[in-house]
Amino acid sequence: MAQTIPQGVEYVRILPEIVLSLFGMVIMVLDPLVDERSTQKLLGLIALIGSVAAIAATLYQSQFPGLGFWGMVKVDGFSTFFHILVTAIAAVVILSSFEYMQVQQIRAGEYYGLILFGAVGMCLMSSAVELVLIFIALETSSISTYVLAGFRRRAAISSEASLKYFLLGSFATAFFLYGVALMFGATGSTSISVIAQALRLSPVPVLAYAGIAFMFVGLGFKVAAAPFHVWTPDVYEGAPAPVVGFMSTAPKAAAFAVLLRVMFESNAPGRLWLIWVAAALSMTLGNVGALVQQNVKRLLAYSSIAHAGYLLVAFAALANNGIPAAMFYTASYAAMNVGAFAVVSHLAGAGERYVTLDDYAGLGRRSPLLAATLTIFLLSLIGIPMTGGFFAKFYVFSAALQANLVGLTIIGVLNSAVGAYYYLRIIVVMYMREAREEVPAIPVSPALGAALGISVAATLYLGLLPGRVLEYASRSAAELLH
Amino acid sequence: MTHLIIFLFFGALCLAGAVNLLVQRHPINSALSLVVVMGSLAVEYLLLGAEFVAAVQVIVYAGAVMVLFVFVIMLLNAGEEVRTKGSRVAMLFGIPGMLVGSALVGWVLIERTGSQTVAAGALPGAPRTIGWLLFHNFLLPFEVTSILVLIAIMGAVVLASHPDTDSGKKKS
Amino acid sequence: MQERGRDDLTSVGGPVLSAVEGTRALLRNNALNITTFIIVSLIKTVLALFVLLTAVAYTVWLERKVVGHMQNRWGPTRVGPFGLLQPLADGVKFLFKEDLTPPHVYKPLYIAAPMIAVIFALTSIAVIPVGNSITLGSLHIPLQITDVNIGLLIILGVTSLGVYGVALAGWSSNSKYSLLGGLRASAQMISYEISLGLSLVGVLMLTGSFSLRDIVDTQGGTFWGFIPRWNIFYGGQFIAFFIYLISAYAETNRIPFDLPEAETELVAGYHTEYSAMKFAMFFMAEYANMITVAAVASLLFLGGWHGPVVGPPILRALLPVFWFVLRIFGFLFVYIWVRGTLPRFRYDQLMAFGWKFLLPLAIANLLVTALVVALRA
């Protein structure tokens with residue numbers, strides 16, 4: 001071991017994480033120092049700058065691909081993709097939080113700090129190629145989301161969400177850790193590349209199967225895949241709306257990144273049937289559950305379960321088509337879901353009073369622009385052409401068909417049809433039904449407007465010109481598979 | 001031979017502690033059973049030649065974490081648990097799940113194809129080796145752990161502070 | 001059920017650890033055969049326990065005597081010359097007193113708590129070396145029950161388990177004074193354990209070993225011609241020594257940090273409901289812990305058993321033991337001296353002092369020591 005100190009270029013390979021941590025710490029230190037009233041805006045602004053700086057750092061970092069810190073992190077196209085995705089989500093969520101925090105009268109210093117620190121964990125999850133580091137990054141991202149879920153301190157339902165998420169989440173991470181331990185027992189290493197080598201030898205040790213299964217349970221919880229989804233509706237209902245926008249996209253994207261790395265790069269055995277079952281269950285349970293919901297946040301929670309199912313279909317497919325399809329899906333899902341929750345957080349009002357379907361009645365007349373924006377997101381969630389959701393589903397199902405997964409594809413398409421019903425129901429309520437009571441229409445603040453604009457732009461961009469993103473995804477997938 | 005006897009004894013003690021943890025109705029008894037589990041695990045580590053890990057196990061888990069558990073239970077003056085019937089879902093899925101799990105583990109142990117065995121003391125366990133690993137190969141996870149702890153502290157501060165009062169500054 | 005709970009509690013920890021470790025060390029060295037080893041170890045254990053318990057008894061006597069003189073009293077004088085037989089009389093008293101068990105206690109833990117306290121207090125003696133080694137014929141016997149390469153960690157681990165005795169005593173007594181005492185004690189011990197541990201890390205970095213024997217060995221000799229090469233001088237662990245000293249007072253619940261048993265507020269704290277032999281066990285545990293703490297301080301900071309050695313071989317072997325005991329005695333004297341001098345802290349002062357002053361100081365000391373070690377290397 002000649003080298004005893006990490007070299008300069010290795011720090012570049014964790015540069016986005018360093019930037020995010022530094023900004024998080026600055027916020028933490030400034031929080032008690034700045035004046036109470038200006039706190040929210042100033043700290044939020046710093047957080048925003050931090051996440052944008054992290055995007056810049058990622059772009060810079062992508063010029064130096066390779067391993068760092070003794071084979072702990074790996075900068076490649078794949079990690080760059082997820083880094084940008086996660087930090088962009090963080091930036092948009094921070095933008096959409098300004099107004100929400102003011103309306104809810106929540107002291108937000110720690111809030112922005114936790115989002116940045118959570119993003120550190122999620123970024124690391126996508127670039128880590130060693131299971132111990134993946135676990136710690138996973139914990140970092142999880143713990144910050146547990147706390148963020150409980151940020152509506154005056155609402156009992158929020159504390160309930162936080163506690164439920166924490167208890168079940170700890171249980172799930174324990175599963176993941178146990179899987180890591182079993183994998184270590186089976187292959188003698190926690191480094192994914194070494195594991196991949198060991199697993200190529202036949203026969204594959206039985207312990208490796210168990211290890212993969214346990215890790216899948218842990219990650220399945222994080223992405224809200226059935227049958228590990230039961231926490232989702234309650235947590236999404238209780239957590240603050242912008243936080244839901246964050247935690248339904250960024251940690252999920254990161255967890256999918258880990259799944260992709262663990263399953264494909266390490267050439268995991270027995271992954272197919274595991275994912276097949278989870279995908280079919282998630283799609284069905286999510287869509288059926290969403291049919292009967294009256295609360296929009298709960299509805300979107302079930303929809304989130306269903307979308308995790310669609311994504312898993314891509315995992316079941318062959319690697320060379322499945323990986324880019326899954327990457328494209330995470331990106332487009334992030335765009336539309338963050339946007340949808342930004343609208344929800346705006347409409348919720350003080351104390352999140354207006355979150356049921358009835359409260360959305362007459363929105364088309366009250367604030368036409370907002371209703372149109374939400375319609376775009378919902379159409380994208382259905383998978384209507386011209387939106388990101390369409391191509392996402394299209395690539396996933398075509399990848400599945402190429403892999404001869406006809407059964408799974410049929411289940412998926414049927415489920416998409418079921419899903420269309422409840423998304424359309426919201427649109428119908430918005431435009432066709434009169435408001436029963438007068439819900440106050442608050443003007444959209446510039447920051448929230450910017451957040452919505454970015455989300456709409458991203459959704460439409462992915463729907464109209466998917467080529468570049470998909471091409472990038474395919475290239476990095478090929479890189480991942482060597 | 002002595003090794004094997006000691007190993008089996010503490011393995012059994014560890015299991016008994018774990019079962020007792022579940023069976024006991026009073027939280028204090030459960031917490032103390034967990035201390036027994038931690039202590040027995042430490043002895044098992046010792047038998048594997050990992051003296052440092054064993055000592056850390058005792059100091060950190062038995063000596064600090066579990067003391068805090070006991071402390072909190074005392075502070076809350078938690079009483080005996082009330083027995084419930086248990087959820088039917090847990091019965092339906094839990095028991096078969098557990099049986100399948102233990103069958104799997106048993107099968108793995110009997111088959112043992114492909115899994116490797118390592119002589120006691122062959123894996124890094126000395127303080128010097130662990131230190132080297134921690135500050136070289138595992139430097140990054142080690143440092144990220146500090147972020148993790150920082151988040152946990154922040155979270156505790158946020159969730160413990162009263163929502164309607166100024167959380168950061170002292171009023172005087 | 002209750003019986004099992006008790007067995008579980010008492011069988012964990014120290015004795016087994018050191019026994020296993022001792023066997024391993026022995027088999028590695030192949031120095032003795034197993035029978036001789038067991039006999040020698042047994043003799044050493046019995047001897048060490050006997051000496052330790054006697055020392056405990058006479059520390060109590062010393063304390064009463066010294067504090068008495070400080071307060072212009074005589075202390076015990078009636079039993080034996082200078083009251084020297086007083087500990088014996090006390091022991092007899094404890095044995096024959098009625099052993100009351102209040103009706104409202106949680107019995108299994110109420111009984112187990114004093115045992116836990118005393119067992120863990122006595123266990124750490126197993127790894128403490130008291131001198132070099134003596135040679136009897138072909139036998140080369142180190143003056144230590146077992147030489148473990150992680151000796152210091154074992155002491156820290158075992159003392160950290162001792163808090164269970166206090167905490168459980170407070171809780172199982174089912175009385176508010178006991179509970180408050182138990183809570184205070186556990187909070188205090190956890191808080192100060194951190195600075196205590198950190199104050200020792202500096203010494204460990206200088207030595208590069210957890211073995212107490214190695215730590216003492218590096219402190220032999222002098223520098224600049226006359227100053228002994230003890231860690232407190234040569235290693236610059238002066239601050240660490242005082243951090244250790246203060247934390248040790250808090251760890252052993254002694255004045256000025258004796259809040260767990262503050263009699264003006266809490267009657268007698270966690271042992272309010274205890275009497276007779278069970279009470280005596282807590283008493284023994286407290287004084288045994290004091291002696292352990294003093295021994296560790298002497299080994300780590302004050303050069304262990306190093307000192308002038310002259311005379312025939314047997315004296316050469318035993319003089320170091322004398323020097324070592326002398327240091328412990330000095331440390332205990334300071335303990336008593338402080339008790340006779342200082343008032344008690346308030347609880348919030350105690351916590352603020354521990355977390356906001358002592359801990360940062362310990363970390364700063366650690367950083368500086370690390371820097372020095374790095375520059376020297």
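## Helix H9 of chain C

Helix H9 of chain C covers residues 238-251; its 14 residues reach 20 Å from the first C-alpha to the last, close to the 20 Å expected at 1.5 Å a residue. The expected span is 1.5 Å times one less than the number of residues in the helix. Helices here are DSSP runs of H or I with at least four residues, numbered from the N terminus. The model is predicted: local features need pLDDT of at least 70 and side-chain atom pairs count only at pLDDT 80 or more, whereas totals for chains, interfaces and linings use all residues. Residues are numbered from 1 along each chain as its sequence is written, and chains are lettered from A and ligands numbered from 1 in the order in which they are written.

H9(C) is mostly covered, with 10 of its 14 residues buried (20 or more other C-beta atoms within 10 Å of the residue's own, with C-beta atoms placed from the backbone). Among the buried residues are Phe241(C), Ile243(C), Tyr244(C), Ile246(C) and Tyr249(C); Glu251(C) is also buried. The partners against which the buried residues of H9(C) pack are H6, H7, helix H11 (276-300) and helix H13 (347-376) of chain C. Just after H9(C), Asn253(C) has a positive phi of about 55 degrees.

## A loop residue of chain C

Leu85(C) is found in the loop between helix H3 (34-70) and helix H4 (86-96) of chain C. Leu85(C) counts as partly exposed because it has 14 C-beta neighbours inside 10 Å; this class lies between buried and exposed, the latter meaning 12 or fewer such neighbours.

Apart from neighbours within four places in sequence, Leu85(C) is in contact with Val79(C) and Gly80(C). Two residues are in contact if their C-beta atoms, placed from the backbone, lie within 7 Å. Trp61(C) is 24 residues from Leu85(C) in sequence, and their C-alpha atoms are 9.0 Å apart.

## Contacts between chains

Between chains B and A, 30 residues of chain B are in contact with 41 residues of chain A. On the chain B side, helix H4 (88-111) and helix H6 (139-160) each supply at least two residues. H6(B) gives the largest share, 15 residues.

The contact between chains C and B takes 28 residues from chain C and 27 residues from chain B. Of the side of chain C that touches chain B, H6(C) contributes the largest share, 10 residues.
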